Structure formats: C-alpha cells, structure tokens
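Please read the sequence and the three-dimensional coordinates below together, as the report that follows refers to both throughout.

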Amino acid sequence: MRSLLSRLLPELTPVSKRERLRSAAGALLGILVTGLICRAAIGPEAAPVLIAPMGASAVLLFAVPASPLAQPWSILGGNLVAALVGVTAATWVPDPFVAASVAIGLAIALMMALRCLHPPSGAVALTAVLGGPAIRELGYGFVLWPVAANSLLLLSAALLFNNLTGRAYPHLRPAGPRTDDRAPASRLGFLASDLDAALEDFDQLLDVDRSDLEQILRRVQMRVYGRRPGQTTCAAIMSRDVIGVAPHDSLAQALHLLRRHRIKALPVTDERARVLGIVTQTDLLDKAEWDRSGPRLGLGRRLQLTVERGRAPHGCAADIMSAVEPVTPDTPLAELVLRMAEAALHHLPVVDPDGRLVGIVSQTDLIPALMADAGPGGPARARRAADAVPA
C-alpha cells in the first residue's frame, strides 16, 4: 500500500524554501490587493467583490509563473472567454447541470483554439452558470465585473511582485538569432525538430513552456558531457594576465586599452578586484556616437568620445558595461560552453571564491581545448586551430 501511495504522489520540480515562501507571499498579497481594491470600488455591501476562481489563478501566477497556463494572455483571454461562454450557456440552456457541462466543454475547446488555456477559467464558466441569483442578475455584465476587473488586478499584482522579487514575468520566449542560423546552443546534440516530433508523438498538453523544455534537455546533455573523465576546466585555459578597467574610467581609456593590447573585452572591477561587469567592443560601438573626429576604428569609421545623450551620461565604463555572471576556475568546459551560448557571450571573467578577478576566458581559448578533448587526433587538431586563431 505504501508503495502504491508513493507512486500516486506527483514528482514536482524541487524548489528552495525561499521560492516556496515567495510563492505564498505573492499569492497572499495578490489576492489581498485585488479584494481591497474591488471592495473600495463598489462598496462593502455590493456583491460579488471577489470570485473564487481567482484563488486558483493566484496559484498559477505566483507559484508557477513560468507555466504557459499562467501567462497574461492565458488568464485574461481564458477568463473572459469562459465568462462569455458561461453566461451564454446559462441564458439559453434551461437545465443548470446541462448548461454547466456545455459551458465547461465549450470553454476548454475555445481556450485551446485561442491558445489561452487557463485551468481556473473552467471555474469561471461554472460560476457563471451555478453562481446563484446575484451572478445571474448581472447577465453579460459578469464578464466585465467581477471577472475582467479581478483578472486585471490580479495580473497587475503578479507583474509587479514577480519582477520586484527577481522573477522574469511574463515568461517570454528567448530571442533567436536575426539570421537563418540556429542559436549556438542548439547546433549540437538534438535538433529542435527532434523535440517537436517527440512532443507530437507524446500528444498530451504539458504544463511547461517548450523553450524551457528544450533548455532543460540541453543542460542535461551538457551535464552528461561534463561527467566524462579528464574533463578540462577553466583554470587550464583562462588568460591570467587580465587587463581591466575601473567603473569610473572614461570610454577613451577603455578604447585605448582595447586597441593597445589587441583585446576585445575588459572586465570592470571595483577597488577590491571584484567583478562588476564587462566592457566589450560591441558595447562601445552600440553606445557611442559616430563622427569624423576621434580615433580611427575598423571599417573606416571613427568613434566620437562624447557619448550619446542618455545612454552613457557620465562617459565612463560603468555607463556601458554589460552585466555578466562570472565563472570559477573549476568550472568545466561543458558548463562554460552552455553559459556562453545561452547568453550569446564571447568572454567570461573568472573569479576566486571571494569574487575577485583571477582570469578571463574567451571563445578563442575554448577552440583548442574542446578539440583536444575530442578524442584521437584532437591534440594535433587543437594545435592547428590555435595557430589559426588570431590574437
């Protein structure tokens, strides 16, 4: 019996206590704010102020905000469609239980067709049919109040709370390359079409974003690769003589260092050598104005060191640096490749356990190391590749 019961328990994704607390606090605040605002808007005597399906919506928006079922279009589209269907069914079908059945079935069909499936919306449709005289008297007004009002307020609370507490919401698809090439992380291992075919064979709706599923599977691939014996780490390939800048150093100084040392990136560090960000050639090109004066760069263009207004107001490295998550010397190359590919980075600073800069790794450093790990003939190919890569 114990074995049977254990098999019936769902295997939820493991999350930290901090994440559980954040989910509970978000739902508490979201429902509280929604209820208080609605009550203030129509008065304490009016009914209904807050409908029960909002509790189920709060579970999705605050506990699983990455779910496709918890996105803004899902809650707004799903709840409005279900409310319209429910009111229509209650109006035209005399038997309440038949009307409820019709409302639920039709609402699910329409939500799936419109890509706004939201499980609590089923309860919205049921409330429209079986909610009693107070709901029935509202007619189609039920769609606007309380359904639309509750949904908009709860969604606004979720947008504010999730982003203020470090969650990205809504959960957007990762931006793909602007060319016909696939993203770097997807050029090895399984193809996106392989995943699509597998999902089609599975033929069931999954409560996980497809891009998230692909990213998880690719991380699994990299972890399997990282368990190979003799795996190289960042310590073996990183450059240790690192040229960096302080956050208050000017753009002219940053450009001078890049040109003088023939490098393409400069870590930005504080007085204790802790990494704050990184300045690259791309940052300079994107965030400075072009003019005929100033030092000459490639392609016959010149960089004006009085920077564009609003984008680098102080004209220093801190204005244009990109935020990065450094790696440590013992980071395996498999993880390093994944981090670089997912974030479209060409350089990553390497820090010690105290967060102080000890080196930097570039894509150029990776080429010979990966080829050396590739098996027979790898070291020879690595030497040829290293000789062919410009400094």
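## Basis of the model

The model is predicted, so that local features are given at pLDDT of at least 70 and side-chain atom pairs count only at pLDDT 80 or more, whereas totals for chains, interfaces and linings use all residues. Residues are numbered from 1 along each chain as its sequence is written, and side-chain values use heavy atoms, with hydrogens and water left out.

## Overall fold

The secondary structure of the protein chain comes to 17 helices and four strands, where helices (H or I, at least four residues) and strands (E, at least two) are DSSP runs numbered from the N terminus. Of the 391 residues in the chain, 37% count as buried; buried means under 20% relative accessible area, exposed means over 50%, and partly exposed lies in between, with a 1.4 Å probe and protein chains only. Among the contacts (heavy atoms within 4.5 Å) that link residues at least 6 apart in sequence, 61% join residues at least 24 apart.

No disulfides are counted, the total being zero, under a rule that asks for a pair of cysteine sulfur atoms within 2.5 Å. Cys116 counts as buried because its relative accessibility is 0%, and Cys234 counts as buried because its relative accessibility is 0%.

## Nonpolar cores

A nonpolar core is here a set of buried Ala, Val, Leu, Ile, Met, Phe, Trp, Tyr and Cys residues joined through side-chain atoms within 4.5 Å. The largest such core holds 36 residues, of which Leu61, Phe62, Val124, Phe142 and Leu154 touch the most other members. Two or more residues of this core come from each of α3 (53–63), α4 (72–92), α5 (96–114), α6 (120–130) and α8 (141–164), and α8 gives the most, with eight residues. Apart from this core lies another, of 15 residues, among them Met238, Val350, Ile360 and Val361.

When residues up to four places away in sequence are not counted, Val124 touches Ile51, Pro53, Asn79, Ala82, Ala83, Phe142 and Val147. In helix α15 (residues 333–343), the buried residues are Leu333, Ala334, Leu336, Leu338, Arg339, Met340 and Ala341. Ala344 follows α15 and has a positive phi, near 55 degrees.

## The second largest pocket

The second largest pocket has a volume of about 1000 Å³. A pocket is defined on a 1 Å grid over the protein atoms alone, as an open set of points where a 1.4 Å probe fits, with protein on both sides within 12 Å along at least five of seven lines, and lining residues have an atom within 4 Å of a point. Grid points are joined across faces, edges and corners, and the volume is the space filled by probe spheres set on the points.

This pocket is lined by 25 residues, of which Thr13, Val15, Ala63, Val64 and Ala66 are the closest to its centre. At least two lining residues come from each of α2 (17–42) and α10 (210–226), and α10 supplies the largest share, five residues. The lining divides into eleven nonpolar, six polar and eight charged residues, where Ala, Val, Leu, Ile, Met, Phe, Trp, Tyr, Cys and Pro count as nonpolar, Asp, Glu, Lys and Arg as charged, and the others, Gly among them, as polar.

## Loops and backbone features

Asp207 lies in the loop between α9 (192–202) and α10, and it counts as partly exposed because its relative accessibility is 45%. Although Asp207 and Pro68 are 139 residues apart in sequence, their C-alpha atoms are 6.5 Å apart in space; leaving aside neighbours within four places in sequence, Asp207 is in contact with Ser67, Pro68 and Leu69.

The peptide bond from Trp145 to Pro146 is cis, with omega near 10 degrees, and Pro146 is found in helix α8. A cis bond also joins Tyr169 and Pro170, with omega about 5 degrees, and Pro170 is placed in the loop between α8 and α9. Arg115, in the loop between α5 and α6, has a positive phi of about 60 degrees although it is not a glycine, and it counts as exposed because its relative accessibility is 63%. Arg262, in the loop between α12 (251–261) and β1 (265–269), has a positive phi of about 55 degrees, again without being a glycine, and its relative accessibility of 70% is why it counts as exposed.
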